[in-house]
Amino acid sequence: MSFLFVSDHLALDLAATVAWRATHPKELLAGPGDFARWAVEAGVVDRLDTVTEDDLDHARALREAIYRLARAATAGEPADPEDVTRIRQAAAHTPVRPALHDLGRVARRGGVPEVLATLATCASDLFGGPDRLLVRRCAGTPCTRLFLDRSRAGTRRWCDKRSCGSRINAAAYRRRSGRSEQA
C-alpha cells in the first residue's frame with residue numbers, strides 16, 4: 001500500500017496516517033516498517049533502517065498532537081498546551097539535513113529522532129505562522145483528511161479533487177440528473 005500525500009503540508013500528511021477517523025478509523029502506521037516506509041515516501045529521508053515499537057509510539061503521539069492542533073486551528077479554538085509542548089520537544093532535536101551531492105542529487109539521512117524533529121519543525125512552522133488559517137477539513141464523507149487551502153478564493157472543499165472531489169461531484173450529478181428526469 002502506498003500513502004497519499006495531498007494535504008499540501010508534510011505535518012498534515014502525517015496526521016492523515018489514520019484514515020476515516022470519524023467512521024471506521026484505519027491505522028496506516030500499523031507497524032514500525034510502515035512508519036519507515038511513510039518517511040521515505042514523504043521524502044523526509046532516503047532510507048530509515050531501524051524503527052522500534054517505541055519509536056512508532058512516539059511518531060503516533062506526535063501525529064495525534066499535530067491532528068488535534070490542526071482541528072483547533074480549523075475551529076478557531078485555543079491549542080492544547082500539552083500538544084504544543086510535545087511538538088516543541090520533538091522539534092528541539094536535530095532535524096534531517098539534506099546533503100547536496102551534485103546538481104539534482106541530494107541525500108537525506110537520519111534516524112527516527114531526526115525524522116520526528118523534521119516533522120515537528122514543519123508543524124511548528126505551520127501552527128506558529130499565518131498558514132494555520134489555511135487549514136481545512138475535507139468536506140468529503142467519510143474523509144477526515146486535513147489540508148491547506150491555497151486556492152485563490154480560499155474555497156477549496158476537498159483534500160483531493162480526484163478522489164473526494166470526484167466522488168462528491170458524481171453524487172451531485174446523479175442527484176441532479178434524477179430530478180431532471182422526474183420533472
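**Helix packing and a pocket**

Analyst: Happy to! Helices α2 and α5 pass each other in a left-handed crossing. Keep in mind that this is a predicted model.

User: What angle do α2 and α5 pack at?

Analyst: The angle is about 55°, and the axes of α2 (residues 32–41) and α5 are 12 Å apart. That makes α2 oblique to α5.

User: Which residues meet there, in α2 and in α5?

Analyst: From α2 you have F35, W38 and A39, and they meet V112, V115, L116 and L119 of α5. By class, the residues of this contact are seven nonpolar, no polar and no charged.

User: Nice. And how do α4 and α5 cross?

Analyst: Their axes come within 7 Å and cross at roughly 130°. An angle over 145° would count as roughly antiparallel and one of 65 to 115° as roughly perpendicular, so α4 and α5 are oblique to each other.

User: Left-handed or right-handed, for α4 passing α5?

Analyst: That crossing is left-handed.

User: Which residues of α4 and α5 are in contact?

Analyst: On the α4 side look for I87, A90 and A91. On the α5 side they meet L116, A117, A120, T121, A123 and S124. The contact of α4 with α5 has seven nonpolar residues, two polar and no charged.

User: Changing topic: how big is the second largest pocket?

Analyst: Its volume is about 260 Å³.

User: And what lines the second largest pocket?

Analyst: The lining is made of D55, H58, L62, R86, Q89, A90, H93, V112, P113, L116 and A117. The elements giving two or more residues are α3 (53–75), α4 (81–91) and α5 (112–127).

User: Which element gives the most to that lining?

Analyst: That would be α5, with four residues.

User: How does the lining of that pocket split by class?

Analyst: There are six nonpolar, three polar and two charged residues in the lining of the second largest pocket.

User: Last topic, L10. Where does L10 lie?

Analyst: L10 lies in helix α1, which covers residues 10–15.

User: How far apart are L10 and A120, in sequence and in space?

Analyst: They are 110 residues apart in sequence, while their C-alpha atoms are 9.8 Å apart in space.

User: And what does L10 touch?

Analyst: Leaving out residues up to four places away in sequence, L10 touches W38, A42, V44, L119 and C122.

Technical notes: Residues are numbered from 1 along each chain as its sequence is written. This is a predicted model: local features need pLDDT of at least 70, side-chain atom pairs count only at pLDDT 80 or more; totals for chains, interfaces and linings use all residues. Side-chain values use heavy atoms; hydrogens and water are left out. On a 1 Å grid over the protein atoms alone, a cavity is a set of points where a 1.4 Å probe fits but cannot get out, and a pocket is an open set with protein on both sides within 12 Å along at least five of seven lines; lining residues have an atom within 4 Å of a point. Grid points are joined across faces, edges and corners, and a volume is the space filled by probe spheres set on the points. Ala, Val, Leu, Ile, Met, Phe, Trp, Tyr, Cys and Pro count as nonpolar, Asp, Glu, Lys and Arg as charged, and the others, Gly among them, as polar. Axes are lines fitted to C-alpha atoms, for helices over the stretch in contact, and angles run from 0 to 180 degrees between N-to-C directions. Angles under 35 degrees count as roughly parallel, over 145 as roughly antiparallel, 65 to 115 as roughly perpendicular and the rest as oblique. A crossing is left-handed if the near helix is turned anticlockwise from the far one by less than a right angle, and right-handed if clockwise. Contact means heavy atoms within 4.5 Å.
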